[in-house]
Amino acid sequence: MTRLTIVYDEHCAVCRRARDWLLTQPTYIPLELIAAGSPAAVSRLGGLPWLGRELIATDDEGNIWVGPAAFLTALWATRRYRGWSYRMSGARLAPLAESFFKMVSARRHRWARFLDDDEEECTWCQN
Amino acid sequence: MEYGIVIYVIYAAVAIGMTALLARTLFKAGAVFLDDVFDGNHRLAEAVNRLLVVGFYMLNLGYGLFLLRAEPQETAFDAVAYLVNRLAILLVTLGVIHFINVLVFWRIRHRAEMSAAPPPVAPQVILKDDLSTDSV
């Protein structure tokens, strides 16, 4: 793997905040963050049912991680939190990390009002 | 009789001997360790190893010599007690420094391992070249 691409939901303030944070982190491999609605994402991953609904991580070898797995893979790419990505995928913490990620992800559009964010509101999500 | 000079001589001999022995151990064991970390880059491994051992020598000898400020002792018993006390402090300190050194080696190795480690979870889907998807 020489590059990791993270596809995030650009209509959600939490996701944009997470993207901005991830961009500031030193990583082991080059990280690319693209919006789920962007032409690049649609042309590469348009066939996937999760595009725009779940966080997606993909590398240059065609491996695809979805949801909590994508979250862990994004953490794994960072120098500072690679150790945590293993801890959180271990038997003890994995269920906790997974439910936490799912909880945040499912309600991601509701968090927007708590974040001081003036980008566009979500117009198409079903939540 | 004056015991100050005797204390100095014995102490210096033991301090230098211990430091040299520990440094040799560190150098030999560290070489194996660092060779693995630097992925067979022997020259780099040897350079790092040498630098660590030089630091170890300077720190230990400097501290060891600094530690001894013997005053002339009245009796032979006082002299021996003082010597033993100094050596004890020196050995404990050498032990602590040695463990810090091992910790440094371990951290270097851990960091190297981390950078080569695969993702924590397997991908759910592997996209083939022909864009058909395979679930795993």
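1. Chain A has five helices and four strands, where helices (H or I, at least four residues) and strands (E, at least two) are DSSP runs numbered from the N terminus. Along the sequence the pattern reads β-α-β-α-β-β-α-α-α. Please keep in mind that this is a predicted model, in which local features need pLDDT of at least 70 and side-chain atom pairs count only at pLDDT 80 or more, while totals for chains, interfaces and linings use all residues. Residues are numbered from 1 along each chain as its sequence is written, and chains are lettered from A and ligands numbered from 1 in the order in which they are written.

2. On confidence: pLDDT is the predictor's confidence in each residue, from 0 to 100. Chain A averages 85, and 88% of its residues score at least 70. The stretch to treat with care is 123–127 of chain A, with pLDDT below 50 and four contacts beyond near neighbours in sequence. Where pLDDT is low, the predicted coordinates should not be read in detail.

3. Now the core. A nonpolar core is a set of buried Ala, Val, Leu, Ile, Met, Phe, Trp, Tyr and Cys residues joined through C-beta atoms within 7 Å; buried means 20 or more other C-beta atoms within 10 Å of a residue's own, exposed 12 or fewer, and partly exposed in between, with C-beta atoms placed from the backbone. The largest such core has 31 residues, and A:Val7, A:Ile56 and A:Ala70 have the most contacts inside it. Helix H3 of chain A gives the most to this core, eight residues. A second, separate core of 12 residues includes B:Tyr11, B:Phe56, B:Ala79 and B:Leu90.

4. A:Ala70 deserves a look: beyond its neighbours within four places in sequence, its contacts (C-beta atoms, placed from the backbone, within 7 Å) are A:Leu55, A:Ile56, A:Ala57 and A:Trp65.

5. Finally, the interface. The contact draws 16 residues from chain A and 14 residues from chain B. On the chain A side, strand E4 (63–66), helix H3 (68–77) and helix H4 (82–87) each give two or more residues. Strand E4 of chain A also pairs with strand E1 (residues 125–127) of chain B, antiparallel and over two bridges; pairing requires at least two DSSP bridges between the strands. There, A:Ile64 stands opposite B:Val125.

How values were computed:
Two residues are in contact if their C-beta atoms, placed from the backbone, lie within 7 Å.
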